[in-house]
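Welcome! Please take a look at the sequence and the 3D structure below, and then let us walk through some of the details together.

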Amino acid sequence: MSQAADILDRISAMKASGAPFALATVVRTVAATAAKAGAKAVILPDGTLSEGWIGGGCARAAVLKAAREALADGKSRLISVQPPDVLQEQGIAPGDERAGVRFANNMCPSQGTMDVFVEPVLPRPQIVICGSSPVAVAIADLGRRIGFAVTVCAPVTDQPAFGEADRRIECYALPVDEAGSRFVVVSTQGRGDEAALQAALAVETDYVAFVGSRKKAQALRAVLAERGVAPERLAKLKAPAGLDLGAITPDEIAVSILAEIVAVRRGGQARGPASAP
């Protein structure tokens, strides 16, 4: 099997597993360089080059650094590794960034230039839904349509309420650490509210919200505080969940919650709570 086939197989396997990685691709070379245009490498979050080839130490340090940063913020980077005299002629210092290109020194004898595109490959953002209320079912349905991986957490007897889901968890045993973004919505509608909220607030999330009235959320916060849930954890809880769209039906409330999740994910600001069901 060729090296190109090997790395494509590796990329496919890592995507299927949901493991985060960065893909570095040499897009341009000038003069002699160890790697040629089209060369690829798979880089793990710790900076390990797992598969492929992007040249020797001349470019590797800059590319591995860019890969770690790309995985941290989810943004691609273009790195141009050039000889010191070429950078100096352009008035550019190593580490400078211009028009979206970051420059680095090539200290190798080859004295060539190599441009490398580094892109993060992250697992799909995940929506974790605790409960099987009509709003929960609507979120699961709409969430999958807009590209989220959906995890359903509910008692076994309530699981049939849902259609397709990427993963199902009995009750509320949420995994503590998972790769990628995770948005948790508790929509238990009076059936296991405290247990679901306590589980949701015990794990690391990008967003955690409760579907219900403000009064009910305040009462639940007080109960959880008595149980020892840390104040900083309780402060993360968004309740009521969703943007203020004047939503009334389960589908409308689901839309308002998903809109809020998209706003959080894309760096926007939520405008306020949705109507409680």
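Predicted model: local features only at pLDDT ≥ 70, side-chain atom pairs only at ≥ 80, totals over all residues.

You will find Cys171 in the loop between strand E10 (167–170) and E11. Its phi is near 60 degrees, a positive value in a residue other than glycine. Most residues other than glycine have a negative phi, and most peptide bonds are trans.

Gln189 is not a glycine either, yet it has a positive phi of about 50 degrees. Look for Gln189 in the loop between E11 and H5.

Where is there a cis peptide bond? The bond from Ala239 to Pro240 is cis, and its omega is near -5 degrees. Pro240 belongs to the loop between E13 and helix H8 (250–265).

## The open sheet

Now for the sheet. Six strands, in the order E10-E9-E8-E11-E12-E13, form an open sheet with parallel pairing. E10 and E13 stand at its edges with a single partner strand each, so one side of each has no neighbour in the sheet.

Within this sheet, E11 and E12 run parallel and are joined by 4 bridges. Phe183 has Tyr207 in E12 as its bridge partner.

## Helices beside the strands

Helix H4 (residues 134–145) lies across E8, strand E9 (149–154) and E11. Relative to E8, H4 runs at about 165 degrees.

Which residues of helix H5 (residues 193–201) are buried? They are Asp193, Ala196, Leu197, Ala199, Ala200 and Leu201. An α-helix has 3.6 residues a turn, so residues three or four places apart point the same way.

## A buried arginine

Let us finish with Arg102, which sits in strand E6 (residues 101–105). Is Arg102 buried or exposed? Arg102 is buried, because its relative accessible area of 18% is under the 20% limit.

The side chain of Arg102 makes a polar contact with the side chain of Glu69, at 2.7 Å. Leaving aside residues up to four places away in sequence, Arg102 also touches Arg77, Leu78, Ile79 and Ser80, among others. Gly95, Asp96 and Glu97 are included in that list of contacts as well.

Conventions:
Residues numbered from 1 in each chain as written. Heavy atoms only, no water. Buried < 20%, exposed > 50% of the residue type's maximum accessible area, 1.4 Å probe, protein only. Helix = DSSP H or I, 4+ residues; strand = E, 2+ residues; numbered from the N terminus. Pairing = 2+ DSSP bridges. Contact = heavy atoms within 4.5 Å. Axes fitted to C-alpha atoms, helices over the stretch in contact; angles between N-to-C directions. Polar contact = N/O pair within 3.5 Å; in protein donor to acceptor, adjacent residues only side chain to side chain.
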